[in-house]
Amino acid sequence: MQKRNILLLGIALVLAIIIAVLVIPRLDSPKETDVKTSEETEQVADYVPPLEFSLLPEFSFSNLADQPYGSGELKNTVWLANFIFEGEDDSDYSILDGMHEMANDLQSFVTWNDISLVSLGTSEAFSSLDLSKYQEKSSTPWVFLKGTQDEIISLGNEGFKFGIKKEGTSIIHPHKIALIDRNMILRGYYDPTNPEEVKYLMEDIRYVLRKHPHKIAVPEDVINPGWLDERQADQISALKNSGVFHDFSFEDRLEESNITWRHQIVDDSGINYKACHYDHGNGVVVADVNGDNLLDIFFLTQLGSNQLWQNTGDGKFENITDLSPDLEIRDAVSVAASFADIDNDGDPDLFVTTVLEGNRLFENNGDGTFKDITAASGLGYKGHSSGTSFFDFNNDGLLDLFVSNVGIYTTGKIVDQITDHPDNPLQNGTFKFHEAFSDAFAGHIKPERTEQSILYRNEGGNRFTDVSEEMKLVDKSWTGDTSPCDLNKDGWMDLYVTNMQGDDHYYENQKGEYFTEKTKEIFPNTPWGAMGIAIFDFENDQNMDIFLTDMHSDMGNTYDLHEEKMKKTADYSEALLANSSPHFGNAFFKNSGNGTFTEISDVIGAENLWPWGLSSGDLNGDGYEDAFLASSMNYPYRYGANSLLLNEGGQKFLDSEFVVGVEPRKNKETASWWYNQDTLVTVGDSQVKREVWGALGSRSSVIFDIENDGDLDIVTSEFNNPPLVLVSNLSEQKTDLNYLKISLEGTASNKDGLGAIIKIKAGNDYFTKMYNGKSGYLSQSLYPVYFGLGDHKEVEFIEIKWPSGKTQTIRENISINSEMKIVEE
């Protein structure tokens, strides 16, 4: 391929400067024109966009079915063209073979992929070639257009500038293919048999695909990013020498599940983008609401309706929200949810937080339908509530509640919003939300915006009392979520409160009488922008470790694709840090067993970029807890991958999302529709609103066994998109899978057994889990506790330390590869 003109070096330099900033700090709200691209750093230096050579003239020929076909049909598509003439040697076949090999590669461009292959020639030329193996077997549309020799030569010279010549009976022409964009502009020439030129061609195709007549991607390279295959190859290579079992995969079976729900955002996360707390999204929770031994899913949204989907078996679900219409909460922006049996009647009740329109408590009627009992419950607080945790802090057998309140991030103005998603008519309509401050993320340094979180005591009879002051648990941090825990093993549930803009807080329970903050004593440096939290035994030493994700530290600097696993160095001012003692990036606190913790996130590979939610579970059944990190910043930032970390024997985590099918997403999708501009553009004979597209991204997740086949699946809460329903094939791939599910029923303790410590001994190994129901960011679920047993085919005993203080040991009738219900004695 002819080297691009040296004058393009100047253009390259300008482009390099423009795209040097990969991520704009979130504390300043970016506009569409501010957002920069984020391709690999080596492409920034080397890649130069293709020139605009010439506008092709209009033309019309006949296809192989003798139907008219030409520039009119090809307009608004990206296409590759070559020329074929009769009487040639094998060169035509080599060009066609090269295009055919590229056809499969072109399918990697999944978004706005309207690529066609076009071969132009005479009837005589086509009749001398076997075209069936190209046209029929091509995965990309391939059109063969016939004209007279003079017509084809004329188009080749006047339009394509190919310099075709007649020499006697021979036709001399370059054996190249041409790239034409949607505006019928010639962008370059390439030899499909030359790997180096094909590499240039694929990058040029990626570039021109992003130039759509009525769609804008923000940033532009969120469409068909080039780094997914590289990341996948790197992870596969890294796992080759690992002993971690990874010969299984997840498949997104959203369509097969029959789930049609979709998350809907407020305009402050879309057309009127502000860096504010609305972009934290929503939780997703599960419980068996109707007692059929299948876990049902409750999805939350900002606008439209929350929905309850009943598990009907075999991985399929049915929307049953119409049986409990109050669950929709169409009059408010919902945030988080918790399933818990608040009245110990044997069925899961539901609590939902909202933004300033009152939190809601729903009682299960015993048949999987719900009624709103907020008014008499004392839980109708109106504020900026977020994640919640039910736990029994006084061990009286009734579940109490902690509600995290973020802080005042809205102005007091109510905004009307009309949603008009092209693929989501059931969620469309006119809604209201509370406008966010433009400086919402500086709210923690403005005392007047402080909003205290609330500890409620369950008084029985579905009534709750605010006892924050009485119990000396007065938390005024900007908290999004929390997790109950018993880190000192005294049988009284403590509380770890995450702070998204400052130091976290750890409150130790003083035998149900009051709480004492011991953060600085035990956790002197916590993540500055903590979001998700999971508490589990990482190395099977019977001590509970703490894994924390840190989103906001990642917004304080810029990171390219090869720095995502590095510890962050947030460039925030002293005023913004507000006298905190921050640790930037994710944190993993290893429990030494003597009351001290050591931060080892870098040592074990627990870092990633833009993490929100955190869910843990033994995804490969080897007896060690793995982790799923719901990640990505969405519009207006580049695509960020979810992280799946497989636990290598309690030594470290291995990045595995690209190995086990979590990434890339189905069809390699990385972006979707975000909103419509009011601008009208002409497409064909019609005028349509210009669409703005943004990155896909998850906010929360829940790990559970969807089909009761013995392995763990993952369901996510996406931001402004349908959920991922990631179904595992572990039970099919791992023929010697050994596991045990345990469900609890308290008698003296709360009915759910929340707060219990479960320990299993198998051979010389101990497997220990704390059951607190925290299933992901902004989420608390009720589900059986899953133990992968590795190679063990027998369990010696199961020990339960109940919240009531009782210890119960089971040694008989333990059947692995089943679910076992244990009732407190």
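The protein chain splits into domain 1 (54-210), domain 2 (227-733) and domain 3 (738-823), with bounds taken from an automatic or database domain assignment. Between the centres of domain 1 and domain 3, taken over C-alpha atoms, there are 64 Å. This is a predicted model, where local features need pLDDT of at least 70, side-chain atom pairs count only at pLDDT 80 or more, and totals for chains, interfaces and linings use all residues. Residues are numbered from 1 along each chain as its sequence is written, and side-chain values use heavy atoms, with hydrogens and water left out.

**Helix α7**
- Helices (H or I, at least four residues) and strands (E, at least two) are DSSP runs, numbered from the N terminus.
- Lys161 follows α7 and has a positive phi, near 55°.

**The β43-β44 pair**
- Strand β43 (residues 698-704) has 7 of its 7 residues buried, so the rest of the structure largely encloses it.
- Strand β44 (residues 713-718) runs antiparallel to β43, joined to it by 6 bridges; pairing takes at least two DSSP bridges between two strands.
- Phe704 sits opposite Asp713 in β44.

**A four-stranded open sheet**
- The order is β32-β33-β35-β36, with antiparallel pairing.
- β32 (530-536) and β36 (597-599) are at the edges with a single partner strand each, so one side of each lacks a neighbour in the sheet.
- From one strand to the next, the twist averages 20°.
- Strands β33 (residues 545-550) and β35 (residues 587-591) pair antiparallel over 3 bridges, and Ile546 stands opposite Phe589 in β35.

Conventions:
Buried means under 20% relative accessible area, exposed over 50%, partly exposed in between (1.4 Å probe, protein chains only). Axes are lines fitted to C-alpha atoms, for helices over the stretch in contact, and angles run from 0 to 180 degrees between N-to-C directions.
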